[in-house]
Amino acid sequence: MNEELKLHIKKLQMRTMLYSIAELSVVISIGFGILFLFVPSVISTAFFAVASGGIIYIVHVTRVTKREAEEIIYKPVIFNADNIFSFEKIVNIFKNLTVKENQLSISEDLRFFLLTKIFILRTVIYRTDMFDKKDFDNAKNQINTKANKVLNISQTVNRSVAVKMMRFNIICTDDFNDALYMFISKNANHNLTRVEGVINIAIVGNKIIIPPLYGECDLSEVSRYKRVIKFINNVLLNN
């Protein structure tokens, strides 16, 4: 992970943590402020002052994140490997991470793997000469439907398990066309908010490319994003 990316993630993490603290302090302070409202002391005033500080910070962060989303152009994050990635190489990496019973395919260009490595992870690996969003969505839906049936994957899990779950959609291609650039440039935050987080990954030549993360985020989104980067560094770039 380069220093610029490290600093960006640290900034997001600190901001989301302080935002959560501010929200909690507002709720608690208002509650205690009301409780001491009719007591002849300065305690109530102190609690309301703390709440006001929290509200000011929340409003400030909301404005900053909105401005970032509207005014700053965030580019996809690129990791450069020493060697060229082929579709076969990526497939073999995931084969070595899973047992045969958790692997399937419906064509030479479409594979599915279910594994536990940093996440409880569903991975679709898709090869195309020229990326088309509609074709990709159709292929992804087909293999996910088959995987749910063949591997008997439950669609309901408890919350403690759900926070560990992720889906990787890996697109392998030699042509980083405009459609793929637009697709992989979208903010990762909303997909990472889902019960089962999703990250789209493009692999082109020696480059691993993931969407940027910016704007309004919560701690779970930042944590998942950090673990995606950890997976790329520890697994994909080390093979």
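**Figure 1. The salt bridge between E88 and R127.** In this predicted model, in which local features need pLDDT of at least 70, side-chain atom pairs count only at pLDDT 80 or more, and totals for chains, interfaces and linings use all residues, the side chains of E88 and R127 meet in a salt bridge at 2.8 Å, N to O. A salt bridge is a side-chain nitrogen of Lys or Arg within 4 Å of a carboxyl oxygen of Asp or Glu. E88 belongs to helix α3 (residues 87-97) and R127 to strand β4 (residues 119-127), so the pair ties together parts that are 39 residues apart in sequence. Helices (H or I, at least four residues) and strands (E, at least two) are DSSP runs, numbered from the N terminus. E88 is partly exposed at 41% relative accessibility, and R127 is partly exposed at 26%. Buried means under 20% relative accessible area, exposed over 50%, and partly exposed in between (1.4 Å probe, protein chains only). A network of salt bridges links E88, D109 and R127. Residues are numbered from 1 along each chain as its sequence is written, and side-chain values use heavy atoms, with hydrogens and water left out.

**Figure 2. The salt bridge between E196 and R167.** The side chains of these two residues, E196 and R167, meet at 3.0 Å, N to O. E196 sits in the loop between α7 (189-193) and β6 (197-204), and R167 in strand β5 (residues 165-172), so the pair ties together parts that are 29 residues apart in sequence. E196 is buried, with a relative accessible area of 14%, and R167 is buried with 18%.

**Figure 3. The salt bridge between K6 and E3.** Here the side chains of K6 and E3 meet at 3.7 Å, N to O. Both residues lie in helix α1, three residues apart, which means that about one helical turn separates them. K6 is partly exposed, with a relative accessible area of 35%, while E3 is exposed, with 52%. The count of salt bridges in the structure comes to six.

**Figure 4. The largest nonpolar core.** A nonpolar core is a set of buried Ala, Val, Leu, Ile, Met, Phe, Trp, Tyr and Cys residues joined through side-chain atoms within 4.5 Å. The largest one has 38 residues, of which I90, F94, I125, F168, I170, I210 and Y225 touch the most other members. Helix α8 (residues 219-236) supplies the largest share of this core, eight residues. Leaving aside neighbours within four places in sequence, the contacts (heavy atoms within 4.5 Å) of I125 include F87, I90, V91, F94 and C172. A second, separate core of 19 residues has L104, Y126, A139 and L180 among its members.

**Figure 5. Aromatic pairs.** Rings of Phe, Tyr and Trp (its six-membered ring) pair if their centres lie within 6.5 Å; planes under 30 degrees apart count as stacked, over 60 as edge-to-face and the rest as tilted. The structure holds nine aromatic pairs. In one of them, F176 and Y181 have ring centres 5.8 Å apart and planes at 70 degrees, so the pair is edge-to-face. F176 is partly exposed at 29% relative accessibility, and Y181 is partly exposed with 36%. One aromatic cluster is formed by F94, F113, F168 and F231.
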